[in-house]
Amino acid sequence: VVDGFLTLPAVHVPGRRVPAVLRIHGGPADQYSTAFELEWQVLAGHGYAVIAANPRGSTGRGTAYSRAIWADWGNKDFEDVMAAVDHAVAAGVADPDRLGVGGWSYGGILTNAVVSKTARFKAAIAGAGMANHLAGYGTDHYQYEWEVELGLPWKTREDWLQLSSPFFDVEKVTTPTLFLCGALDVNVPLLATEQVYQALRRVGRVETELVIYPDQWHSIETPSYRKDRYQRYLDWYDRFLRPIALGGNRMPEATSLLGQPLFALELPAETRTRLEEALAKATAELLRAPDSADAAIALGRRHSSLGQYREAIDVYTRALVKHRKDARLYRHRGHRYLTVRE
């Protein structure tokens, strides 16, 4: 059982879906609680629903729960935070077309893993994070922890490379990502953020920016910089989660062979409402039966009916982890790859 928190916008009409942001805590040996979270309130005050969870790896639920991601970051914890998002969508709160993700420290690390595994998010913010964990060895202050959990890089090379898969899968990222870090950070040093930022810039597939706060360590303490950081959160999420008009700030679903951006057609309001209700039911069914290939196929088809082709690809890809020999999943995913011209 994974617990979570949902902070509703300051003004929220029950039954109306709103843009939602998944925020991931640091650590991973840490947890969200019922304590006041300024970040949640800033985002909710600006009209966002905020989704937060305590995935496996978090504290407060016993040693086994914390050790569940030992030497295996970005897998079970990824499943858990995505389950929280699925729940918010099934509850009729989160708009599946306008999802954002972000976090600081381990929250930034898992954000990098999330965007390398799924295309569901339209905007991401990774603060003081890392994707290539080899960059941490000898440069951060976790020397003992790294060697205990992963071993020496030259002796356990495959383990280090496996943990660093978000960096080596950078070409799979389709989410515009903002990176932030303190210039003097020795917890998760700036070089780790610069490296994944440079990789995204080099691939050139998505928009990305890098913000470095001078004279700041792992925490951003200067009041004007803290204000600046929250404003950048709002600006980045607004840019990609609040489209002004068709094609305005929306990310295209695909690019034609002639290089033209392609957008899903706008549906009549009545039709969209009916299809969103079907999507919510299909999401709830998969949550009830997470090992059902039939439920995954049904959910992927519901996403496709709304023009959410990359979300459908994500559903099929995640289902294939459990059903590698189910040809139907490959066929459905293949059709959706054709739809997005990939």
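1. The lining of the largest cavity comprises 7 nonpolar residues, 3 polar residues and no charged ones. In this division Ala, Val, Leu, Ile, Met, Phe, Trp, Tyr, Cys and Pro count as nonpolar, Asp, Glu, Lys and Arg as charged, and the others, Gly among them, as polar. The model is a predicted one, in which local features need pLDDT of at least 70 and side-chain atom pairs count only at pLDDT 80 or more, while totals for chains, interfaces and linings use all residues. Residues are numbered from 1 along each chain as its sequence is written, and side-chain values use heavy atoms, with hydrogens and water left out.

2. The structure holds 1 cavity of 30 Å³ or more, and the largest cavity has about 60 Å³ of space. A cavity is a set of points, on a 1 Å grid over the protein atoms alone, where a 1.4 Å probe fits but cannot get out; lining residues have an atom within 4 Å of a point. Grid points are joined across faces, edges and corners, and the volume is the space filled by probe spheres set on the points. The residues lining the largest cavity are Asn112, Val115, Ser116, Pro166, Val170, Val173, Thr177, Phe179, Val196 and Leu200. Two or more of the lining residues come from each of H4, strand S6 (177–182) and H8; H4 gives the most, with 3 residues. Helices (H or I, at least four residues) and strands (E, at least two) are DSSP runs, numbered from the N terminus.

3. The largest nonpolar core has 46 residues, of which Leu22, Ile51, Val101, Val114 and Phe121 touch the most other members. Such a core is a set of buried Ala, Val, Leu, Ile, Met, Phe, Trp, Tyr and Cys residues joined through side-chain atoms within 4.5 Å. Buried means under 20% relative accessible area, exposed over 50%, and partly exposed in between (1.4 Å probe, protein chains only). Helix H3 (76–90) and helix H4 (106–117) are among the elements that give two or more residues to this core, and H3 gives the most, with 7.

4. Valine 114 touches Ile24, Phe78, Val81, Met82, Val101 and Phe121, residues up to four places away in sequence not being counted. Contact here means heavy atoms within 4.5 Å. Apart from this core lies another, of 25 residues, among them Trp40, Ala52, Leu180 and Leu241.

5. Most residues other than glycine have a negative phi, and most peptide bonds are trans. Glycine 27 and proline 28 are joined by a cis peptide bond, with omega about 5°; proline 28 lies in the loop between S2 and helix H1 (38–45). Alanine 128, in the loop between S5 and helix H5 (143–149), has a positive phi of about 45° and counts as buried at 0% relative accessibility. Aspartate 215 has a positive phi of about 60° and lies in the loop between strand S7 (208–213) and helix H9 (223–241). Aspartate 215 counts as exposed because its relative accessibility is 59%.

6. Threonine 283 belongs to helix H10 (residues 269–288) and counts as buried, at 4% relative accessibility. Threonine 283 touches Asp86, Val89, Ala90 and Leu299, residues up to four places away in sequence being left out.

7. Helix H12 (residues 309–320) is mostly covered, with 9 of its 12 residues buried. Among them are Arg310, Glu311 and Asp314.

Note on methods:
1 Å grid on protein atoms, 1.4 Å probe; cavity = no way out; pocket = protein on both sides within 12 Å on 5 of 7 lines; lining within 4 Å.
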